[in-house]
Amino acid sequence: MKPLMQKLESILEKGGTRKDITLLIISGISLLLSLTGWNPFPFDMAWISIVLCGVPIILEAIIGLVTAFDMKADVLVSIALIASVCIGEDFAAGEVAFIMQLGGLLEELTVAKARAGIEKLVHLTPQTARLIVDDIERIVPAEKVPVDAVLRVLPGETVPVDGVIVSGQTSINQAVMTGESLPVDKTASDEVSSGTVNQFGAFTMRATKVGEDSSIQRMIRLVQSADAGKAKIVGLADRWATWIVVVALSAAALTWLISGEIIRAVTILVVFCPCALVLATPTAIMAAIGNATRHGFLVREGDALERLASVSGIMFDKTGTLTYGTPQVMKVSVVAGKFSEAEMYRLCASAEQFSEHPLGKAIVRSYRQENQAELLPCEKFRMLPGRGVCAEVIGKKAGKETRNEILAGNLEMLAEKNIDVPDGALAEADNDLANGCTVIYLAVDETFGGYIVLSDTVREESTGMIDALKGLNVRPVLLTGDNERAAFAIASQIHIEEVHADNLPEDKLIWIDFYQKKDESVCMIGDGVNDAPALKKADVGIAMGGVGSDIAVDAADIVLVEDEVKELPHLIALSRRMMRTIHLNMTFSMTLNFIAIVLAINGTLNPVVGALVHNAGSVLVIINSALLLKWREK
């Protein structure tokens with residue numbers, strides 16, 4: 001019997017939404033023709049609806065009962081269909097089957113499409129590595145690299161396994177693991193993680209964690225486990241199905257025994273069919289999804305808004321979510337001497353104009369946005385991986401050509417060139433670093449000239465959005481991979497009191513699990529690959545669609561398409577309004593059903609009229625849900 005049930009189940013699963021819509025259209029037309037009395041066939045046209053819509057319902061009910069003794073709303077509908085057909089009420093049977101399949105289609109349309117986030121994570125996994133044995137380099141599969149092996153990583157390549165740099169200097173883009181918008185300078189004895197990208201200098205490393213133990217593989221497993229652990233909400237009709245079936249069958253049986261009229265019993269079964277109850281949730285969800293779409297949200301999971309309505313806290317990633325993720329020059333500080341701030345800014349930007357480093361590009365971009373003056377010619381440009389840049393900038397002063405050697409980079413570069421930095425400048429720069437900024441130190445002709453301060457800029461709407469969330473009794477929490485100083489500096493600007501910094505992907509999962517174990521429902525909003533496990537683990541995951549990675553988008557339940565975070569409070573309020581609408585729909589449909597049952601028991605309603613009355617309730621439920629389409633809290 002079980003193989004037969006599995007075969008039937010696989011048959012039911014075949015086909016798609018387009019086919020379901022076609023069958024519903026044919027069934028609806030057949031019911032209209034049956035109602036008008038026009039009939040070109042030797043059978044009632046309602047039978048077309050019974051076969052196309054009713055038979056799948058009956059098969060689903062049988063499969064659920066036989067394979068798992070799963071009593072859903074389909075069981076009561078199947079009993080009502082069969083009973084109606086047995087007493088010759090074909091139109092009532094066809095109409096109930098049509099309404100139930102319409103509700104099922106609406107639910108199906110709210111279910112998310114298959115996601116490929118884990119597959120995209122797998123594509124990030126390095127495929128090969130440069131293994132060094134006896135000073136000979138050979139290419140081997142990354143999964144076959146042994147612990148303690150010596151590897152070489154060239155500029156632009158992905159780090160194949162976790163390890164420690166043995167020799168060389170470089171900058172590593174760690175966004176895949178930490179979400180940091182800026183590359184991190186690395187040198188001998190520094191750790192590097194698999195999946196991160198070597199941007200500039202070549203280096204050799206010793207493998208410490210390989211294969212399934214590597215960082216990128218651990219993150220893939222985190223995404224998989226987090227997705228498996230997220231509970232799905234069961235439809236209200238199916239949640240109450242057992243009680244509905246028991247009450248309906250008991251009422252029908254008692255009515256038949258007392259009155260002796262089977263038509264009354266069948267009418268009870270027909271009016272007790274939970275059509276309006278089945279429509280109560282999906283119609284409200286679809287209308288709310290339509291509203292959310294108008295405000296820039298793509299809802300990818302049908303039940304995401306149900307879960308969002310109960311959220312008490314939102315975990316925010318910092319870079320790219322609350323900030324723009326693009327550093328800007330905030331300050332130019334110079335040592336009193338022959339150069340002004342404007343001149344030093346121009347010299348630095350001119351020296352950086354050929355740099356591929358994100359900080360160098362940020363300085364050039366900021367200069368061009370803020371100044372009308374052109375950059376000066378630059379010669380002898382050199383990039384020093386993990387340190388900075390060196391270049392000769394050609395200018396004019398008092399009609400004469402000037403040539404200045406410009407160094408722009410970190411303190412280690414200045415120390416290697418034996419350039420002293422005054423204590424006062426160091427102290428001032430430390431204050432900027434404490435506020436979460438990045439500092440580029442400058443030297444002109446082997447003499448310290450000053451420094452430039454860069455900082456990620458907060459989105460203009462972030463502060464107002466956070467305040468609005470607090471007004472909805474939703475607690476904002478900053479959960480970021482950035483360093484503590486940068487995290488607290490941003491949090492203080494936008495009124496977030498709760499901050500957790502220096503988080504790897506597994507750390508974010510631990511924090512979300514911490515709040516969930518306190519019986520709190522949490523939402524995570526982020527944009528990076530490193531946010532994918534947390535987006536899966538959270539009760540609701542929201543990804544930034546504009547700046548966000550494809551993997552983060554695929555891991556999320558909801559996507560903020562245009563990155564307009566100011567709309568987030570509206571989405572929370574909308575989800576709560578949707579749940580109130582669902583509860584109102586449900587209360588109304590159950591009340592109408594019980595009134596119809598009383599009228600069916602005393603013989604006032606027959607099966608056809610009963611079907612029309614309780615399906616009129618379904619229409620009212622749809623109209624009430626449709627009010628959500630243009631709703632916005634005043």
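At what angle do helix α14 and helix α15 pack, and how far apart are their axes?

Analyst: The model is predicted, so that local features need pLDDT of at least 70 and side-chain atom pairs count only at pLDDT 80 or more, while totals for chains, interfaces and linings use all residues. Residues are numbered from 1 along each chain as its sequence is written, and side-chain values use heavy atoms, with hydrogens and water left out.

Helix α14 (residues 341-351) packs against helix α15 (residues 358-370) at an angle of about 130°, and their axes are 9 Å apart. That angle makes α14 oblique to α15, because angles under 35 degrees count as roughly parallel, over 145 as roughly antiparallel, 65 to 115 as roughly perpendicular and the rest as oblique. Axes here are lines fitted to C-alpha atoms, for helices over the stretch in contact, and angles run from 0 to 180 degrees between N-to-C directions. Helices (H or I, at least four residues) and strands (E, at least two) are DSSP runs, numbered from the N terminus.

The crossing of α14 and α15 is left-handed, a term for a near helix turned anticlockwise from the far one by less than a right angle; clockwise would be right-handed. On the α14 side, the contact (heavy atoms within 4.5 Å) is formed by Tyr345, Arg346, Cys348 and Ala349. On the α15 side, Ile363, Val364, Ser366, Tyr367 and Glu370 take part. By class, the contact of α14 with α15 comprises six nonpolar, one polar and two charged residues. In this scheme, Ala, Val, Leu, Ile, Met, Phe, Trp, Tyr, Cys and Pro count as nonpolar, Asp, Glu, Lys and Arg as charged, and the others, Gly among them, as polar.

Helix α14 also lies across β12, β13, β14, β15, β16 (438-444) and β17 (447-458), and runs at about 130° to β12. These strands form an open sheet of six, in the order β12-β17-β16-β15-β14-β13, with antiparallel pairing; two strands pair if DSSP finds at least two bridges between them. Its edge strands are β12 (323-334) and β13 (378-384), each of which pairs on one side only. From one strand to the next, the twist averages 25°. Within this sheet, strand β14 (residues 388-397) is joined to strand β15 (residues 400-409) by ten bridges in the antiparallel sense, and glycine 388 stands opposite glycine 409 in β15.

Met465, Ala468 and Leu469 of α18 meet Leu568, Pro569 and Ile572 of α23. This contact of α18 with α23 has six nonpolar, no polar and no charged residues.

Finally, confidence should be considered. The mean pLDDT (the predictor's confidence in each residue, from 0 to 100) of the chain is 78, and 82% of its residues reach 70 or more. Over residues 110-121, pLDDT stays under 50, and the model has 34 contacts beyond four places in sequence for that stretch. Residues 225-234 likewise stay under 50 in pLDDT, with 20 such contacts beyond four places in sequence. Where pLDDT is low, the predicted coordinates should not be read in detail.
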